[in-house]
Amino acid sequence: MDLDLRKLRYFVAVAEHRHFGRAAQALFIAQPVLSRQIRAFEQELGCSLFTRTTRSVELTPAGIQLYDEASRITTVVDVALRRVHEAQRGEQRLVVAFSAGLHVSDAIRAFTASHPKVVVDVFPLRWWERDAPLRDGRAHVGYLRRPFDDSGLRTVPIGHETKVACLPVTHPLADRSTLTSADLDGEPILGGRMRRTSSLEEKFELIASGQGIALVPVSVADSYSRPDLVYLTVADALPVETCLAVPESSCAGPASDFLDIATATLRRHTGDSERKNPGPTSRAPVPSTD
């Protein structure tokens with residue numbers, strides 16, 4: 001069967017609102033029309049997507065799976081249509097994704113100096129996305145930290161950075177000069193098996209309020225500064241590799257040129273930073289993070 005994208009978007013609206021009336025309002029269509037479209041969609045798929053009662057609308061197991069797939073499907077379609085329209089207008093656009101704390105401005109300046117006709121956009125990555133935007137087409141190039149799935153990607157190592165422990169100033173370990181991993185045994189680590197957060201801001205707020213601690217890259221710590229947090233070196237923490245990544249299918253044109261220029265620029269920048277600051281201070285003066 002052919003997937004009806006219009007019905008898929010209707011399905012997503014109902015799944016997100018869990019209410020046919022509110023979903024219909026958001027879609028600017030009448031509720032009976034939406035109900036008919038969803039029923040037709042279920043018939044086409046041969047399975048029920050929602051369990052309906054007089055008081056609620058809940059996703060069935062099949063509906064949960066489709067909702068998980070739907071965002072990827074609609075993203076790929078939207079990106080493809082955007083690129084078609086850009087090609088029609090003769091535009092060249094390069095989207096550069098980057099992990100929190102990693103800076104691509106120097107590389108973009110160097111690239112635009114030699115490619116003034118290419119429009120460069122930036123795409124800040126949320127922690128759970130990692131390589132996903134490179135795979136669904138939202139970004140052409142990524143400046144990432146490992147670990148991530150590098151299958152189907154061309155990766156170029158840039159450097160390494162250490163991780164530091166982020167603690168509230170009231171923590172018993174906050175006055176130490178340095179820490180070891182053993183010092184953190186038994187501590188609630190946010191973002192580990194414990195509690196995952198949707199943003200750095202949420203993570204730091206939880207840490208400051210005593211809900212846990214976190215291990216964050218030093219570049220993230222350098223980007224966030226607040227008086228109720230401290231950042232301490234973890235002497236035996238393993239460094240994290242940073243690298244540029246591009247889909248193997250896109251290793252040509254602007255993406256390839258950017259990769260070459262960014263590799264030289266970012267490696268030089270990373271080397272300069274390491275010479276000026278060979279390691280994180282034991283107690284970072286009020287920074288901000290990932």
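Biologist: Which residues of H1 meet which residues in H2?
Modeller: Contact means heavy atoms within 4.5 Å. In this predicted model, Tyr10, Ala13, Val14 and His17 of H1 meet Phe20, Arg22, Ala23, Ala26 and Leu27 of H2. Helices (H or I, at least four residues) and strands (E, at least two) are DSSP runs, numbered from the N terminus. Residues are numbered from 1 along each chain as its sequence is written, and side-chain values use heavy atoms, without hydrogens and water. Local features need pLDDT of at least 70 and side-chain atom pairs 80 or more, while totals for chains, interfaces and linings use all residues.

Biologist: At what angle do H1 and H2 pack?
Modeller: Axes are lines fitted to C-alpha atoms, for helices over the stretch in contact, and angles run from 0 to 180 degrees between N-to-C directions. Helix H1 (residues 5–17) and helix H2 (residues 20–27) make an angle of about 130°, their axes lying 8 Å apart. H1 and H2 are therefore oblique to each other; under 35 degrees counts as roughly parallel, over 145 as roughly antiparallel, 65 to 115 as roughly perpendicular, and the rest as oblique.

Biologist: In what order do the strands of the open sheet lie?
Modeller: Strands of a sheet pair through backbone hydrogen bonds, either parallel or antiparallel. Two strands pair if DSSP finds at least two bridges between them. Here 5 strands run in the order E4-E3-E5-E10-E6, with mixed pairing. Strand E4 (118–124) and strand E6 (153–161) are the edges, each pairing on one side only.

Biologist: How many bridges link E3 and E4?
Modeller: Strand E3 (residues 92–98) pairs with E4 in the parallel sense over 7 bridges. Leu94 stands opposite Val120 in E4. Helix H5 (residues 105–114) packs on the sheet and touches E3 and E4, its direction at about 165° to that of E4.
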